[in-house]
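Please keep the sequence and the model in view while reading.

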Amino acid sequence: MYDLIIIGSSPICILEAVNRSENGEKVLIIEKNNYIGGAWRCLNIFGGEDIENAIHYLLPNVEGINFLKKNLGIKIVKSNSKYRIFKISLLGYIHVHYENIFSRILDKLINNSLDWSSIKDSFLNRKKSFYFKNGSPDFMKKVKSLLDNSNVKVHLNCKIEKFLFENKKVSLFTNNKHVFKSKRVLLTNGSRLENVFKNNRKIKILEKFQPRPCVHLFVSDATPQKIKEAIFVNDSLIKYVHEVSSFAKGNFKNKKIFVFALKHEVKEKTYIYDELLNILKKAKICDSSAKLIEKKWTDVILPTLFNEDLDKFEKEIGQQLITLKTESLSEAFGANSKRWNSIK
Ligand SMILES: Cc1cc2nc3c(=O)[nH]c(=O)nc-3n(C[C@H](O)[C@H](O)[C@H](O)COP(=O)(O)OP(=O)(O)OC[C@H]3O[C@@H](n4cnc5c(N)ncnc54)[C@H](O)[C@@H]3O)c2cc1C
């Protein structure tokens, strides 16, 4: 019997587990994959290691970023090479720096959300974007070392298919016919729930499936470019692209790795990779001589539970259920930083 079972091994879940374990609770993390990290795990592809698996950035949450810097000792920098890319008829792709006021106003104009208050906000509130100086591999290394040095137990390759909340215990039934018992369970926005019962009553769950197709392109390109992170404001294929080879281990001399988040409706087609590379060239994110070496497609799904779903479950299930809001990493670290303050 555990005090708490946590569903999933994202960094937020790991910090929560470590904190509770340091406070004397017997904690188990259950993870359906054979690796930890959830949305933040790194990939070994293109002959390299520790390659960012998706588009990542940190929203400017002061408490969260301070916690990451001061408690975890992770270097965080302002994203100085981040641009918005606009597709303008006759002009083609133009780029404007992310922090430039004109870039924000044009973004709002194109997305039909320009009004006086948003113009005022653009002038008064210069929004910045932050990221780990050495990428997510550095962050995950620290998170993993906290987990390894704790008493938290972890079960990988183990999917919870049924949750049964009874008066004094919760039983979790796995895909490999195991049953784990705990006093309480912790869920996040990224937890996948199939069958949830409170005593004999089945709790209604409406998971939302929002695809966010992800592509990695490995290209030969010896020319340094100023754009490392880009938001495509009005492109029909691309939402975001980041150049991530500088964070990875491997021989990437004169080569680059781009990770893309594509529009949700885009499906894999043989010609799509050349098309993506062409857009990078036109938007001056890579050199016109760049050549495609390898590519990888991943069907990413965004977290299927919204904050209101978590609130509803807490209400229906009561004290046996704890939820953590995890839609933004820095905001989740900020919201929990006081409770986690003893973690170093
Ligand atoms: C691809 C991707 C990129 C993201 N990038 C950013 C970013 O850059 N910045 C930001 O602020 N936010 C980002 N997010 C938002 C992200 O949701 C959070 O940063 C955070 O990782 C969410 O934590 P989580 O625990 O809710 O979910 P996840 O990180 O998705 O982890 C959930 C884990 O739980 C496991 N799991 C789920 N259900 C079960 C089950 N029934 N049994 C066993 N295991 C289970 C899954 O296998 C998974 O490993 C990203 C999300 C995605 C999907």
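## Lys153 and its surroundings

Leaving aside residues up to four places away in sequence, Lys153 touches Tyr2, Val27, Leu28 and Ile29. The model is a predicted one, and in it Lys153 is placed in strand β9, which covers residues 153-155. With a relative accessibility of 49%, Lys153 counts as partly exposed, because that class lies between the limits of 20% and 50%. Between the C-alpha atoms of Lys153 and Cys42 there is a separation of 21 Å, the two residues being 111 apart along the chain.

## Three further residues

Beyond strand β9, in the loop that leads from β9 to β10 (160-165), lies Asn157. Its phi angle is near 55°, a positive value in a residue that is not glycine, and at 47% relative accessibility Asn157 counts as partly exposed.

Phe46 likewise has a positive phi, near 55°, and is a residue other than glycine. Phe46 sits in the loop between β3 (42-43) and β4 (51-52). Is Phe46 buried or exposed? Its relative accessible area is 10%, so Phe46 is buried, given that the buried class is set at under 20%.

His242, a residue of strand β17, is also buried, with a relative accessible area of 6%. Not counting residues up to four places away in sequence, the contacts of His242 are with Ile55, His56, Lys228, Glu229, Ala230, Ile257, Phe258 and Val259.

| Residue | Relative accessibility | Class |
|---|---|---|
| Lys153 | 49% | partly exposed |
| Asn157 | 47% | partly exposed |
| Phe46 | 10% | buried |
| His242 | 6% | buried |
| Tyr131 | 5% | buried |

## Packing of helix α1

Helix α1 (residues 11-22) and helix α5 (residues 135-148) have axes that come within 10 Å and cross at roughly 30°. That angle makes α1 roughly parallel to α5, since angles under 35 degrees are placed in this class. The crossing in which α1 passes α5 is left-handed. On the α1 side the contact involves Pro11, Ile14, Leu15 and Val18, which meet Phe139, Met140, Val143, Leu146 and Leu147 in α5. Sorted by class, the residues of this contact of α1 with α5 are nine nonpolar, no polar and no charged.

Helix α1 also packs against helix α8 (residues 329-336), at an angle of about 15° and with the axes 10 Å apart. The angle therefore makes α1 roughly parallel to α8. What is the handedness of the crossing in which α1 passes α8? The crossing of α1 past α8 is right-handed. Here Pro11, Ile12 and Leu15 in α1 meet Leu329, Ala332 and Phe333 in α8, and the contact of α1 with α8 has six nonpolar residues, no polar ones and no charged ones.

## Packing of α3 with α4

The axes of helix α3 (residues 101-110) and helix α4 (residues 116-124) come within 9 Å and cross at roughly 160°. α3 and α4 are therefore roughly antiparallel to each other, because angles over 145 degrees fall into that class. In passing α4, α3 makes a right-handed crossing. Ile101, Arg104, Ile105 and Lys108 of α3 make the contact with Ser118, Ile119, Asp121, Ser122 and Phe123 of α4. By class, the residues of the contact of α3 with α4 comprise four nonpolar, two polar and three charged.

## Aromatic pairs

How many aromatic pairs does the structure hold? There are 13 aromatic pairs. One of them is formed by Tyr131 and Phe247, a tilted pair with 6.0 Å from centre to centre and 55° between the planes. This pair links distant parts of the chain, as Tyr131 lies in strand β8 (residues 130-132) and Phe247 in the loop between β17 (238-243) and β18 (255-262), 116 residues apart. At 5% relative accessibility, Tyr131 counts as buried.

Ring pairs also link Trp40, Phe67, Tyr131, Phe132, Phe139, Phe247, Phe333 and Trp340 into a cluster.

Technical notes: Residues numbered from 1 in each chain as written. Predicted model: local features only at pLDDT ≥ 70, side-chain atom pairs only at ≥ 80, totals over all residues. Heavy atoms only, no water. Axes fitted to C-alpha atoms, helices over the stretch in contact; angles between N-to-C directions. Helix = DSSP H or I, 4+ residues; strand = E, 2+ residues; numbered from the N terminus. Parallel < 35°, antiparallel > 145°, perpendicular 65-115°, else oblique. Left-handed = near helix turned anticlockwise from the far one by under 90°. Contact = heavy atoms within 4.5 Å. Nonpolar A, V, L, I, M, F, W, Y, C, P; charged D, E, K, R; others polar. Buried < 20%, exposed > 50% of the residue type's maximum accessible area, 1.4 Å probe, protein only. Phe/Tyr/Trp six-rings, centres within 6.5 Å; stacked < 30°, edge-to-face > 60°.
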